[in-house]
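Good morning, and thank you for making the time. I should like to take you through one structure today, beginning with a single pair of residues.

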Amino acid sequence: MQRRHLMLSLAVLTGVAGILAGCATAPGDAEVSAKATAMLKTSFKESGQAKLDRLDQDETQKTCSLYAGKAPPKDAAERIEKLNLATIQWPADGKYLGDWKSGEKIAQTGQGMQYSDDPKVPSGANCYACHQLAPAELSYGTIGPSLYQFGKARGYGLEIQKYAYGKVFNAEAYNACSNMPRFGHSRILTEQQIKDVVALLMDPASPVNK
Amino acid sequence: MKSRRRDVLKTGGGATLLVLLAAAGWLKPSAAQAQAWNKAAFDTKTMDETMKALGGGAPAQSKDIAFVSTPDIAENGAVVPIGVASALPKTESIAILVEKNPNMLAALFEIPPGTDAAISTRVKMGQTSNVYALVKADGKYYVASKEIKVTLGGCGG
Amino acid sequence: MADPMKIRATLTGDSTEVKVLMNHEMETGQRKDGQGKIIPAWHIQTVTATHNGRTVLSAQWGPAVSKNPFLAFKFKGGAKGEKVQVTWVDNKGDKRTDEATIG
Amino acid sequence: MRAIHSGIACCAALIAVVVMPVAFGQGSAVEEIAKYRAALQDGNPAELWEARGEDLWKQPRGPKHVSLEKCDLGLGAGVVQGAYAQLPRYFADADRVMDLETRLVWCMVQLQGYTEADAVKDPFGGPNRKSDIEALVAYVTSEARGAKMNVALNHPKEQEAYRLGEKMFYFRGGPHDFACMTCHGDDNKRIRLQDLPNLTKPEGAQLAYTTWPAYRVSQGELRTFQWRLNDCFRQQRFPELVFASDASIALTMFLARNANGAAYNAPAIKR
């Protein structure tokens, strides 16, 4: 919210055109979008595991792109969340917690899905790129909120475990147009890997909760 | 640069330096004129290897050797700026050594009369390590050291 | 053949400051290529700087000197318009000499 | 100072390991890293690329054996000084908007007689593989150092490129749903320990755009803005951005225009 005010006042103050980017309702915007999409198709080439179909947006990506970094209106947000909630595959065994030590390794590495990556090597989640987790790791990013003491602050109960699982599986189900990848939905992580990451957040023995 | 550190060199480390260099032959006065590359000196692989050959005396710690424009942390170990200035009279040579590199000796500069006893260059560091500035002045060896932390990090880009 | 160096020689008072950038891979001999094969060491071994035929600096380098090496030093006795010459030789025997005019 | 290095996944390439004792707080680490960067400023190996690029510019080359000294970078045939600060721009002879790289390719084809395929075959250098384009870019950009960024949106095609670039900036795609905006759409964010410029604001765009190309010490290579975009999209998990493609020009237009008013200050040196 605060960010939008800043951007708005800045744009007004400086009068720089286009800084307040992506006025979704501006006339001609749909044509520009269509043209941009067509332009992308001729401006990229497939490489390694990254084929051109990665430029085909699903409804969530399309909608979120339209609102250009700003929160979508309530009805659009609700639609996105509902759509994504339906994609979550809950663990068949009803267990959400794996091994937090494996989870820490997954949180530390960002390998996976780049055309330069070996597709045979399991992907990481690179949680530390955006979040603070275990306090020993000083090199953490701030794009997402701090997750230090995630379980300790919220309680270790099954409901919170399930929420954490769902959030890692598909963050768009809880927060439309979140910056966070949909790790389960997009098959970046396996079910076991997600459980391991959930354990990093939720296991009382995890350094995150120390 | 305020970090004119003169950390006390570990006895072992200092002696090692000397042995390494003595074994390599560039402690001889004639070496100053030589433009041959001293393979033995640059080949020493580990601290342990040189430790085994301990025997000579350690170079004296000197407050007259300063690290100039040399940061405490290197954002990338591939390029670590190192500047060394010696205020010791009759400085003949300056060497830069990185304790934890696969080869300790990184560079050796012969300083003829008329040239300032100060050089700047850039070296690679595999990890956080002590860096030694070893100076030969009036036939004797002196040393100063400084720890440089190496971070490899963020987006490789 | 190796690409030229970039040499700057600047006179301030009676002191000539020489700054040199060299084009060189400075391969350590520690790295592996995509097939896991060691990439052989390839680095500058000796550097000599002269002014009016007199050596003003000589150096021996190992592979721990950074890629595209930088070197700076100062000597006395230079005058504007005179030349400073720098030569390097690497472990493959490749050699490069360039010069700059003191300004 | 800070680059635009996008993509949450960027740490994948060089798995981020920060070897720093816990006792070293983040504040002092950031200060010390600033000193490190300052120490690198004196003696930027980018100058080696600039010198090679100047030679390439002036040497008669290509099937027609002519130099690029008649190449019009927007300020008239052969005018190099300050030209980069006004690119990308619309060129009537080509009837399209071009960034510097695209224009250099155009001149290599039109003036020197290279085929387009030959002109673009080595857009980025690597170990033992030199890129002429990178060297030429280093030379031309060095001749704009100090010039004020002044990218115009006068021609309808310039306006269109800007709007398309803006769309691209917010385009979310790929398995990770990343857009440029994911990392570069907000203030005071960082990825791991790297500060992320907010490229939707003048301050962030100016800081980023005016410091490319840069000699990347981590790679020992001079990297151009085309390379910067190419590598952002790799980290975004997109397919590979085609060199001098319409999308690359449009996005460059969006960012360059947002940087208007700042003094251009590159080739720089970055970690």
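Which residue is the bridge partner of B:Pro81 in S7(B)? The partner is B:Arg122. Before I place this pair in its sheet, a word on conventions. This is a predicted model, in which local features need pLDDT of at least 70 and side-chain atom pairs count only at pLDDT 80 or more, while totals for chains, interfaces and linings use all residues. Residues are numbered from 1 along each chain as its sequence is written, chains are lettered from A and ligands numbered from 1 in the order in which they are written, and side-chain values use heavy atoms, with hydrogens and water left out.

Strand S4 of chain B, residues 80-86, is joined to S7(B) by six bridges, and the two run antiparallel. Strands here are DSSP runs of E with at least two residues, helices are runs of H or I with at least four, and both are numbered from the N terminus; two strands pair if DSSP finds at least two bridges between them. These strands belong to an open, antiparallel sheet of six, in the order S2(B)-S4(B)-S7(B)-S5(C)-S2(C)-S1(C). On average, neighbouring strands are turned by 15° against each other, direction ignored. H2(D) packs on this sheet, touching S1 and strand S2 (15-21) of chain C, and its direction makes about 110° with that of S1(C). For such angles, axes are lines fitted to C-alpha atoms, for helices over the stretch in contact, and the values run from 0 to 180 degrees between N-to-C directions; contact means heavy atoms within 4.5 Å.

Let me turn to chain D. An open sheet of three strands has the order S6-S5-S8 there, with mixed pairing. Strands S6 (221-223) and S8 (268-270) of chain D are at the edges, each with a single partner strand, so one side of each is left without a neighbour in the sheet. Strand S5 of chain D (residues 214-216) pairs with S6(D) in the antiparallel sense over three bridges, and D:Tyr215 has D:Leu222 as its bridge partner in S6(D). Helix H2 of chain D (residues 46-58) packs on this sheet, touching S5, S6 and S8 of chain D, with its direction at about 75° to that of S6(D).

Two backbone details in chain D deserve mention. A cis peptide bond joins D:Trp212 and D:Pro213, with omega about 5°, and D:Pro213 is found in the loop between helix H8 (202-209) and S5 of chain D. Another joins D:Leu87 and D:Pro88, with omega about 0°.

Finally, confidence. Chain B averages a pLDDT (the predictor's confidence in each residue, from 0 to 100) of 74, and 65% of its residues score at least 70. Within chain B, the mean is highest in strand S7 (residues 115-123), at 98, and lowest in helix H3 (residues 47-52), at 42. Where pLDDT is low, the predicted coordinates should not be read in detail.
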